[in-house]
Amino acid sequence: LLQEIRTTFVEQTCSDLPEQDVLSSGLFHRSCGTLYVALVMKFAEHLGAHITPEWRKQYIQYEEMKAMLYAALEQAPCAEVVEEEVLTRYFARFDESFFTFCDKELVKINTFYAEKIAEATRKFAMLRSELEGSEYEQMKKKKIQRRKVMDLKLAFSEFYLSLILLQNYQNLNFTGFRKILKKHDKMLRTEAGGLWREEMVETSNFHTNKDIDKLIADTEITVTTELEGGDRQKAMKRLRVPPLGDQQSPWTTFKVGLFSGAFLVLMIAMVLSAVFHSYQAASDDVAGRNDWRVVVRLYRGPFLVILFLFLMGINVYGWRSSGVNHVLIFELDPRNHLSEQHLMELAAIFGVIWTLSVLTFLYSTQLSIPAYANPLSLFIIMAIFMLNPTKTFKHDARFWFLRVAPRIILAPFFYVGFADFWLADQLNSLGQALKDFQFLLCFYISGETMDDEWDKADSLGYCSSSAWWLVALVSCMPAWFRFAQCLRRYRDTKEAFPHLVNAGKYSTTFFVVIFSTLDSAYRTDVERSPFFYLYILSAIISSCYTYIWDIKMDWGFFAAGAGDNRFLREEIVYSSKGYYYFAIVEDLVLRFSWAYKLILKEVGFAAYSELTTSVFAALEVVRRFIWNFFRLENEHLNNCGKFRAVRDISVAPIDASDQQQIIKMMDEPDPASLFRKKKILKTQAAVIDPLRVPLISDTDKKPASTVANLKTFHIVGAI
């Protein structure tokens, strides 16, 4: 941070001004020629790496202020050709505009800090009241009390993280003002910046206010004495704040490289072995009885899951590097969650196991192993990994999934959070994998086409029949999960748009599956059934419906106030607009993948339907991978509009009467006493707390219902 500017190349074309004078003075005169300077902005990089993404617009605009300084110097008249008075007037006008900008930035920072510190004070008072309430109930309900104490520990942990973020905001902005004003004085050879800093910044509320330090200390004392029995080391371990810049483990990096390399080598060996066995099967009648389509169906499902895990790792890397706070969006534990390297490590390990299983299948005769024991073994290994009850092998991540999965399956009966419907959306793109797992279970349970030695399978059998009701049911399951979630969200919010309209989108999948199943049941070899044309019509409607929803609702594109971001939205996170335009076209192309499969089938590729299905199933996973980037970006921008940077965890659900009670609590000398009183009547007039009036207007102007405003987020584990 001590050396902010390093000059690496200078080209001077003004012969009457020595190069060394230019470098020493720091004055770059446009009228004297061209000057190329490569700069290393240490503080700018530090600021960009440590800001809270959701508060990005509330930080000092250091880069813009720095650009103003350099632009002023570039555009200044040359000191060799104008009088000194002209230069003095020029820099006086610049200082006036520069310090006016500084004033606006200071007001913005003071206002935001004041609102956040008031919010933190209210939150701490509420947590203290809940803590005292739990002590009051201790003698009544021991089991409920233990659960509430755990919830309180998590709530205090998240609250402490929000305090550290606010303290970081305070320090970074003060440092930003100090650095930019020091740069101002150095470049303009004046002391005005230092005087302005002493008069305005050092006396400003955001710098002089020490409430944040007191709140941090009080939180540490409360957690130590009230929740951890006086054990400060244990308390600080719970309150530990993760590094603002995620540092990856070298050991994890090594494992990712090791298993990825092993996977690539084994994949090449697998492809070569498959080609060799295909030639051998062509001349071997016994081997010819082994239907290769069965093998594809048995191994395709696990492969799609592995591909999804790997692409999910790339998603996490992209979100993290672009400042999209996926940890907050998914309501994960900031202190304990999977990084992109962990996801890639899992994908690489399972990829190695998958390729070894395929190779063992191909060489099962030489190894004297029943060939069809290998796919089942692979499935069992993956199931054991997921259901392993011990605290090993990514225990927190696995149990996060196992907690979310029942809420998805029983969607109408549970509140729907972002993680719930996001994961259900992923299942819609893994629909082929679900059907493959259904085929695997049916294949081994029925044993219809497999011989007694588990060495040969001569056909797919009834398990894969597209006319079977069970196949249709499995095909509809992902869409049903999302359909039921939309109905639940409508019940909670009473908002027909977007929830009922979104439910209508998923209902189109039911018609596609129904008509496809009926067509398979009633068509003949010589003519199509009437249901075929209904299938085509419903598929077109479904693809158009889902595509429009993707780009307009899920991604927020084609917004009215997009400005320079034509066809997109006003704010974008990723570096190039080309990514967005590519995604719009790619999503349109892949949404109609069913049409390409139908065309290939009609032109003579029906015998290779399993291969074409495999290709398009993998492409659907890729489409969802791209969709994830822009869906979370849109959600992140919504959080930025609300300045929400940490999970808002409440120990108990809050209804409308509770909300009025909390508002009144802030005006009471002893807020804790209110929690021991009866609930106030819902008809009672609301008491307006001036601290609750936002100092900065929320960008989300949509009217929100009481349930939507007062919802509490599920406490989830770590992914």
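Is Cys476 buried or exposed? At 15% relative accessibility, Cys476 counts as buried, a term for residues under 20% relative accessible area, with exposed meaning over 50% and partly exposed in between (1.4 Å probe, protein chains only). The model is predicted, so local features need pLDDT of at least 70 and side-chain atom pairs count only at pLDDT 80 or more, while totals for chains, interfaces and linings use all residues. Residues are numbered from 1 along each chain as its sequence is written, and side-chain values use heavy atoms, without hydrogens and water.

Cys78 is buried, at 4% relative accessible area. One disulfide is counted, a disulfide being a pair of cysteine sulfur atoms within 2.5 Å. Cys442 and Cys463 form it, with sulfur atoms 2.0 Å apart. The torsion about their S-S bond is about -70°, so the disulfide is left-handed. The pair links distant parts of the chain, 21 residues apart. Cys442 lies in helix 19 (residues 431–446), and Cys463 in the loop between helix 19 and helix 20 (469–493). Helices here are DSSP runs (H or I, at least four residues), numbered from the N terminus. Cys442 is buried at 15%, and Cys463 at 3%.

Glu610 belongs to helix 25 (residues 609–641). Its relative accessibility is 9%, so Glu610 is buried.

Methods. Helices (H or I, at least four residues) and strands (E, at least two) are DSSP runs, numbered from the N terminus.
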